[in-house]
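Hi everyone, thanks for making the time. Let me put the structure up on the screen, and then I'll walk you through it.

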Amino acid sequence: MPTLVEMKQIVKHFPGLIANDHVNFEAQTGEIHGLLGENGAGKTTLMNILYGLYQQDQGDIFFAGSLVHIDSPKKALELGIGMVHQHFRLIPRLTVLENIVLGLKADIPPHLQRTDVLTTIRRKYIEIFGLNMKEAETRVTELSEKFGLKIHPRAKIWELSVGEQQRVEIIKALYRNAKLLILDEPTAVLTPQEVDSLFEMLNTMVKQGYTIVFITHKLNEVMELCHRITVLRHGKVIATVNTTETEKKDLAKMMVGREVLFQVEKPEVAPGKEVLRVEDLCVLNDKGLEAVRGASFAIHEGEILGIAGVSGNGQKELVEALNGLRPVERGHVYFRQMDLTNAPSKKIVDQGVGYIPEDRMSVGLATSLPITENLLLKSQREPQFNHGWFLNESAVKATAKRLIQDFDVRTPSITIPVGRLSGGNIQKIILAREISRNPKLLIASQPTRGLDVGAIEYVQTTLLDQKRQGKAILLISENLDETLHLSDRIAVIYEGQIVGILSAEETDRREIGMMMAGGHRQAP
C-alpha cells in the first residue's frame with residue numbers, strides 16, 4: 001500500500017521535557033495504524049503536530065508524497081487530516097448538525113464567481129447568511145448511513161451518550177473531507193458495546209480507502225484492530241511491527257522497558273475487625289430518583305470488597321454518599337462503629353477514609369495548582385506544614401519530594417501544574433496523597449480506568465499492598481476481570497440494589513454477568 005503520511009526526525013520540546021525525540025512515523029493508505037505507548041510517551045504530542053495544534057522544533061512532514069508545513073488545524077483539514085480528541089470539542093446546547101458545520105463557509109457556486117456588481121452582491125449574501133442547512137443535513141445523513149454511525153442531525157449534543165458524541169466528532173472530520181483520521185484514546189470512555197460498534201465502523205472505513213491512526217495504550221485493542229503498530233517510549237520510537245508478527249507480552253515490554261505482570265499476585269490475609277457497615281442505604285440521583293435502593297454490605301480489615309455492575313446502576317451515587325458528597329435519604333453508614341450517615345466530608349476524611357475518585361481531573365485534583373499543593377490537600381492543617389498563618393514551605397517540598405520518589409511519579413519538577421502530567425502519573429499523585437494519610441478504609445472508584453499496562457500493574461500492586469497491611473478497601477470497577485482478580489468478595493449491583501454478594505474464589509464471569517444484567521439474584 002502507498003504511504004499517505006510520513007513524519008521524519010520529529011523533535012518537540014516543552015519546558016524541562018523532550019516530548020518527541022527524533023521520531024520517525026509513517027502510515028499507509030487503507031490501514032489502521034496503532035500508536036502505542038505509556039501515558040506520557042509522546043503519542044498525542046506527535047499527532048497534535050500532524051494536526052497542526054503544535055509545530056515541531058525539528059523534522060519534516062510529507063503528505064501524499066509532498067513536503068507540507070502544517071501550521072494550524074485548518075491547514076491539516078485542507079490537506080485531508082482530521083482528528084478526534086480524547087476530550088470532545090462540541091458545544092452541548094447546539095444540535096449535531098450545527099456542531100458539524102460550525103466554522104465552515106458557504107460554498108460559492110461557479111456561476112457566482114464573476115466580478116460584476118450584481119453577482120458580487122449575491123455572493124456576499126451567501127457568505128453573510130451562510131450555508132444551505134438543508135443540503136448540509138442531507139450530507140450528514142448520507143455520511144451517517146454510509147459508515148453506520150446512526151445519529152440524528154437535529155439532536156442536541158447534551159442529549160447524546162458519550163459514544164454518540166464521538167460519532168459526531170468523526171462525522172465532523174469526514175464532512176470536511178478527511179482521508180486520514182486520527183483517533184486519540186477513542187475507547188477510554190466507551191462501553192464494551194460502543195467499542196465493538198466503533199471497531200466495526202473503522203474497519204468499514206479502511207475498506208473504502210481511509211487511513212486511521214489509532215492512539216492507545218490498550219494492548220488488546222491494537223492486537224484486535226490494527227494492521228501495524230508503532231511503539232513509543234519516553235518520546236522515542238522503539239519499533240514498528242506487524243500485528244500478525246508480535247504478541248501482547250512483546251508489546252508490553254517495548255512500552256514499559258521491562259517484563260509486565262498482567263496479573264499481580266493476591267496476598268492471603270485473614271479478615272480482621274469490621275471497618276465499614278452500610279445498612280439499607282437509599283440515595284437519590286441528580287434527577288431526584290432513587291439511584292441506590294436499600295444497599296447493605298460490610299467490609300473488614302485486610303479485605304477488598306468489589307462492586308460489580310454495568311455503569312449507571314448507582315455506583316457513582318453510592319460512592320458519593322459514603323464520602324459525604326451526596327445526602328443519604330434513608331439507611332445508615334457506620335465506620336468503625338461510628339455513625340457517619342450524612343456526616344460532613346471533612347469529618348469522614350479525619351476519621352481515616354481515603355478516596356480515589358473516578359473523575360481524577362475534576363474531583364481528585366486541582367489541575368491548575370502545582371504538584372506540591374495537590375499532595376498537601378487534606379493535610380494542610382497538620383502542624384508540620386504550618387507556621388502560624390503560613391505554610392511551612394520547606395516541609396511541604398520535602399514531603400512532596402519523598403512521595404514523588406516513593407510512588408515513582410515521573411515529572412520534571414514538583415512545582416509544575418499537576419494537570420500537565422500524564423494520566424498514570426496523575427493517578428500516582430492521588431494514590432500518594434491518600435495512602436500517605438494511612439487510611440483505615442480506602443474507597444477506590446475506577447482506579448485503573450484510562451491507564452496504560454504499566455500504570456495498571458502499579459495501581460493494582462499498590463491496592464494489594466494496602467490489603468496486606470490490613471486496610472479495608474472498597475473497589476468499584478467496570479473491569480470485571482480486575483474485580484474478580486483483586487477482590488475477596490464481590491457485591492453485584494443492579495438498578496441500585498445489591499442483588500448478591502459472592503466469594504471471588506467461588507464465582508466466575510458468567511454468574512456475575514447474569515446478576516449484573518438482572519437475570520439471577522442471590523437470596524438476601
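Let's start at lysine 249, which sits in helix α9, residues 248–256. Please keep in mind throughout that this is a predicted model. Is lysine 249 buried, exposed or something in between? Lysine 249 has a relative accessible area of 46%, and buried would mean under 20% while exposed would mean over 50%, so this lysine counts as partly exposed. Now look for leucine 219. Lysine 249 and leucine 219 are separated by 30 residues in sequence, yet their C-alpha atoms are 9.0 Å apart in space.

Let's zoom out to the chain. The protein chain contains 18 helices and 22 strands. Along the principal axes, its C-alpha atoms fill a box of roughly 85 × 55 × 45 Å. How does the radius of gyration agree with that of a compact globule? For 524 residues, a compact globule would come out near 24 Å, and the protein chain has 26 Å, so the two agree. Of those 524 residues, 50% count as buried. As for contacts, take the ones between residues at least 6 apart in sequence: 67% of them join residues at least 24 apart.

Next, the spaces inside. How many cavities of 30 Å³ or more does a search of the whole structure find? The search turns up 3.

The largest cavity has a volume of about 90 Å³. Its lining is made of 11 residues, and nearest the centre are Gly163, Gln166, Arg167, Ser197 and Leu198. Two elements give two or more residues each to this lining: α6, residues 162–175, and α7, residues 192–207. By class, the lining of the largest cavity divides into 5 nonpolar, 4 polar and 2 charged residues. Which domains supply it? At least three lining residues come from domain 1, which covers 3–80 plus 179–256, and at least three from domain 2, which covers 95–164.

On to the second largest cavity, with a volume of about 70 Å³. Its lining includes Leu276, Ala321, Leu322, Val333 and Phe335, along with Leu340, Ile348, Val353, Leu441 and Ile443. The elements giving two or more residues here are α10 (315–322), β14 (330–335) and β19 (441–445). What classes do we find in this lining? There are 10 nonpolar residues, with no polar and no charged ones.

That's my tour, and I'm happy to go back to any part of it.

How values were computed. Residues numbered from 1 in each chain as written. Predicted model: local features only at pLDDT ≥ 70, side-chain atom pairs only at ≥ 80, totals over all residues. Heavy atoms only, no water. 1 Å grid on protein atoms, 1.4 Å probe; cavity = no way out; pocket = protein on both sides within 12 Å on 5 of 7 lines; lining within 4 Å. Points joined across faces, edges and corners; volume = space filled by probe spheres on them. Helix = DSSP H or I, 4+ residues; strand = E, 2+ residues; numbered from the N terminus. Nonpolar A, V, L, I, M, F, W, Y, C, P; charged D, E, K, R; others polar. Domains from an automatic or database assignment. Rg over C-alpha atoms; globule rule 2.2 N^0.38 Å. Buried < 20%, exposed > 50% of the residue type's maximum accessible area, 1.4 Å probe, protein only. Contact = heavy atoms within 4.5 Å.
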